[in-house]
Amino acid sequence: MTISCISCDNPKRVSEGKNTHSNSSTTNSSDEPPSIKESLSPTIAYWQYSPLHPDNQMPVTYSVKAFDDKGIEKVTLGVYEYELYKNEANLPSKRRREGGEWGIVKTWLFSPEKDTVELGFTGDGFLPNTNVFYQFKVTNTQGHTTERQALFDAGDSPWEDDKILLYSTTDTIEVRNRINICFLIDTDYHHDWRKYLQDVEQLIFRGYHANNMIETHKEKWIFYYTHYEASADLIINTDMPMPSIVTTNPLQGIDAYALLHQEDITDGAFIAERTNIVTHSFFTAEPYNLGTVVHETAHAIFNLNDEYSGAPYEQLEVHSNAFESKLLCEQYKRNNNFKTEFCRPIIDSKGKTWFTPEDEILFTSRAACEDYNRANQLKVKDCLALLIQDTIWYRPNASACIMLDDRDKEVPDFQEVCKKRIEWYYEQLGR
Ligand SMILES: [Zn+2]
């Protein structure tokens, strides 16, 4: 939900008074520069909840993983419950729920202290029309605290046709300055919403959040779903028109719609800026092919090109991963201080040669590939044999960009050029 919430209570203010243990945190309230603060405070690797969009009164498990070599001595979990309603101007709003959960629900104390903690707590379920804010605070032996929070909707939604919030790590950055992904269900789920939400849960926490350019920028991403249904198979393989939700975009603020299907079909991304058939980017994918979903998302959000032959390409104005000529590609690498000027030819679906500045590291023997992995602290055996023009080559898998090979169930990293493109995109958000 896009909540207009001017007068909402602020749970952080309420909970701060209760936390007498710590006078330091990673929020921007301190004068210390972030790098010093972060290095003094515990690291929180994840802060999740399950199940996504719990039904009315369905218990919710909150989980966290944190580490600190100075030792963790305290973790708290606060849960703050809001009621969703429409205000006098008929706008979706939320307010603190009277009699609802509002404060610390669990405290863990460690004596002796622990370097790593993985904790879970199962709390009560919620009434219909609920929005939940939960917050983990992790404190080390030196009194430094890191806090992380997330929001989600629970129980029946008051707005059946609107988007339902699945996971957002902040409510202080404007929604329009972030990337809003809305999942759609495929008809091949046969309305099994719980199965669908379980698949989406894996996709967010083990897919998106496992990628190198997303795990460090979780606050940039908001995930929703909606009850709109469509068939990816019919859209990709027949003349079936695009779903009306992506041609008319009745939901506000969505940047890309992802239609998740169970059956294995060839997926595609339709990018609003490159086609006149959608108003907002749209892609199809199997939710269990985690790398594929992140790859398709990168087409839809960052406009990144494929880095293998046989696709259509477009030279982007800023940090393009495909160029129309070798000269332009080499010039780009020179201007941006890449280690080499090497550009790799790729051939589009019409036979035209393009050039990608994203390298593909190949060796003529498996031993050389494994040596490379060993020297770069990668999984030694993780080499893929490829037959290219009658020669067998070996590729260190971890060196290949997700736009070259999305590896289906694994989640490869973005490599140098794509990283630059995404960093630039993140910087543009909110400008
Ligand atoms: Zn692709």
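**Figure 1. Glutamine 389 sits in the loop between strands β15 (383-388) and β16 (391-396).** Residues are numbered from 1 along each chain, in the order in which its sequence is written. The model is predicted: local features are given only where pLDDT is at least 70 and side-chain atom pairs count only at pLDDT 80 or more, while totals for chains, interfaces and linings use all residues. Strands (E, at least two residues) and helices (H or I, at least four residues) are DSSP runs, numbered from the N terminus. Aspartate 390 is found in the loop between β15 and β16 as well. Glutamine 389 is not a glycine, yet its phi is positive, at about 45°. Aspartate 390 also has a positive phi, near 70°. Most residues other than glycine have a negative phi. A residue is called buried if 20 or more other C-beta atoms lie within 10 Å of its own, exposed if 12 or fewer do, and partly exposed in between, with C-beta atoms placed from the backbone. Glutamine 389 is exposed because it has 5 other C-beta atoms within 10 Å. Aspartate 390 counts as exposed because it has 5 C-beta neighbours inside 10 Å.

**Figure 2. Serine 50 and proline 51 are joined by a cis peptide bond.** Omega of this bond is about -5°. Proline 51 is found in the loop between β1 and β2. The peptide bond from serine 111 to proline 112 is cis too, with omega near 5°. Proline 112 has its place in strand β4 (residues 102-123). Most peptide bonds are trans.

**Figure 3. Leucine 52 is found in the loop between β1 (43-50) and β2.** Leucine 52 is buried because 28 other C-beta atoms lie within 10 Å. Two residues are in contact if their C-beta atoms, placed from the backbone, lie within 7 Å. Neighbours within four places in sequence left aside, leucine 52 is in contact with Leu166, Leu197, Val200 and Glu201. Leucine 52 and tyrosine 196 are 144 residues apart in sequence, and their C-alpha atoms are 9.8 Å apart in space.

**Figure 4. The largest nonpolar core has 80 residues.** A nonpolar core is a set of buried Ala, Val, Leu, Ile, Met, Phe, Trp, Tyr and Cys residues joined through C-beta atoms within 7 Å. The members that touch the most other members are Phe152, Leu166, Leu184, Val200, Ala256, Tyr257 and Ala258. Strand β2 (residues 60-86) gives the largest share of this core, nine residues. The core lies between domain 1 (11-153) and domain 2 (173-303), because both give residues to it. The domain bounds come from an automatic or database domain assignment. Apart from its neighbours within four places in sequence, leucine 166 is in contact with residues including Leu52, His53, Phe152 and Val200.

**Figure 5. Leucine 151 lies in strand β6 (residues 145-154).** Leucine 151 is buried because 23 other C-beta atoms lie within 10 Å. Beyond four places in sequence, its contacts are Asn131, Val132, Phe133, Leu165, Ser168 and Asp171.

**Figure 6. Helix α3 (residues 193-207) packs against helix α6 (residues 290-302) at an angle of about 75°.** Their axes are 10 Å apart. Axes are lines fitted to C-alpha atoms, for helices over the stretch in contact, and angles run from 0 to 180 degrees between N-to-C directions. The angle makes α3 roughly perpendicular to α6. Under 35 degrees counts as roughly parallel, over 145 as roughly antiparallel, 65 to 115 as roughly perpendicular, and the rest as oblique. Leu203, Arg206 and Gly207 in α3 meet Leu290, Val293 and Val294 in α6. By class, this contact has four nonpolar, one polar and one charged residues. Ala, Val, Leu, Ile, Met, Phe, Trp, Tyr, Cys and Pro count as nonpolar, Asp, Glu, Lys and Arg as charged, and the others, Gly among them, as polar.

**Figure 7. Tryptophan 354 lies in strand β14 (residues 353-356).** Tryptophan 354 counts as buried because it has 25 C-beta neighbours inside 10 Å. Residues up to four places away in sequence not counted, tryptophan 354 touches Tyr313, Ala322, Phe323, Glu324, Ile346 and Asp348. The C-alpha atoms of tryptophan 354 and proline 312, 42 residues apart along the chain, are separated by 9.9 Å.
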